[in-house]
Amino acid sequence: MKRMNVVYALGLSMALAAGMGFVGSAEEADQDEYLSQIQGSFVELFPELSKDENRPIWEKYAAEYVDADAVSDSVDYLLWMCTGDKYGQEAIDAFTEDPDSMQFDCYFLGDVAEFTVDGNTISGVDADGNEVFRHAYKAMDMDNEDFLFYESEDADSGMFTYFAFSPDTPESTYHLEFRYADNTDDLQSWFEGNYAYWNAAAISKDYDETMMDNCIELFCSENLGGEEESGTEGAAEADTEAATESATEAVTE
């Protein structure tokens, strides 16, 4: 997940971390091969991460980076940062007025409850299983270090005309992060445009306990481990106050 420096970043950081990918860049991934690495169906990440049954996993890994009395608050904060309900101009206005309220919306938009990647076709269904969209996509040559861009091969694809994927895969980072829109301008920045502060985060529909455990471990290490984990000088302060301060930084490194 893109590190959202929430202690994000899905970030996001969700995402989100992140975040809302945790590792890698668009330059390291082959756009022609990327879709082949994310075949399958995906559901929203953070409703799964937030399940009560996963709380012990969160607290186990958070305890590696924060004091015992800060574990619970740190986990709450990480999840809160990636479960916002504002994006676009509403979010820009709200977070400009009150920076401490900054969150990322890491949910799916457009009434999609589940995405499926099948070959070069991406489709989505709503909560009742009704198909919302289905299009074949081709890779684009875009100058953007954060995302891999894909364009629908069908006319009139609406908000699903363009997809921008972080180079995450279920194999490498145990989740996906992506954005979609009817134009590429709205996919260039996490902080500007009609989709500011939005970065969809997803996990395989058929994830198992190991994938969930790995995903939470990676999210904690990227967002609570901070600079110490990334190999830069110094170490991140491992407490809730440091987490709050980091959240006001950029969502991606």
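This is a predicted model: local features need pLDDT of at least 70, side-chain atom pairs count only at pLDDT 80 or more; totals for chains, interfaces and linings use all residues.
Figure 1. On a 1 Å grid over the protein atoms alone, a cavity is a set of points where a 1.4 Å probe fits but cannot get out, and lining residues have an atom within 4 Å of a point. The lining consists of Phe42, Phe115, Val117, Ile122, Phe163, Phe165, Leu176 and Phe178. At least two lining residues come from each of strand 2 (114–118), strand 6 (162–165) and strand 7. Strands (E, at least two residues) and helices (H or I, at least four) are DSSP runs numbered from the N terminus. The lining has eight nonpolar residues and no polar or charged ones, where Ala, Val, Leu, Ile, Met, Phe, Trp, Tyr, Cys and Pro count as nonpolar, Asp, Glu, Lys and Arg as charged, and the others, Gly among them, as polar.

Figure 2. Six of the six residues of strand 7 are buried; buried denotes a relative accessible area under 20%, exposed over 50%, and partly exposed in between (1.4 Å probe, protein chains only). In a regular strand, side chains alternate between the two faces of the sheet. From strand 7, Leu176, Phe178 and Tyr180 point one way, and Glu177, Arg179 and Ala181 point the other way. Strand 6 runs antiparallel to strand 7 and is joined to it by four bridges; two strands pair if DSSP finds at least two bridges between them. Within this pairing, Phe163 has Tyr180 as its bridge partner. Strand 7 also pairs with strand 8, in the antiparallel sense, over three bridges, and here Glu177 stands opposite Ala201.

**Figure 3. The aromatic pair of Phe147 and Trp190.** The whole structure contains 29 aromatic pairs. The ring centres of Phe147 and Trp190 are 5.1 Å apart and the planes stand at 40°, so this pair is tilted. Rings of Phe, Tyr and Trp (its six-membered ring) pair if their centres lie within 6.5 Å; planes under 30 degrees apart count as stacked, over 60 as edge-to-face and the rest as tilted. Phe147 lies in the loop between strand 4 (131–139) and strand 5 (148–152), and Trp190 in the loop between strand 7 (176–181) and strand 8 (200–204), so that the pair links parts of the chain 43 residues apart. Phe147 is buried, with a relative accessible area of 1%, and Trp190 is also buried, at 4%.

Figure 4. Leu78 belongs to helix 4 (residues 71–81) and is buried, at 0% relative accessibility. Asn214, in helix 6 (residues 209–223), is partly exposed, at 23% relative accessibility. From Asn214 to Thr173 the C-alpha distance is 8.1 Å, with a separation of 41 residues in sequence.

**Notes to the figures.** Residues are numbered from 1 along each chain as its sequence is written, and side-chain values use heavy atoms, with hydrogens and water left out. Local features need pLDDT of at least 70 and side-chain atom pairs count only at pLDDT 80 or more, whereas totals for chains, interfaces and linings use all residues.

Methods
On a 1 Å grid over the protein atoms alone, a cavity is a set of points where a 1.4 Å probe fits but cannot get out, and a pocket is an open set with protein on both sides within 12 Å along at least five of seven lines; lining residues have an atom within 4 Å of a point.
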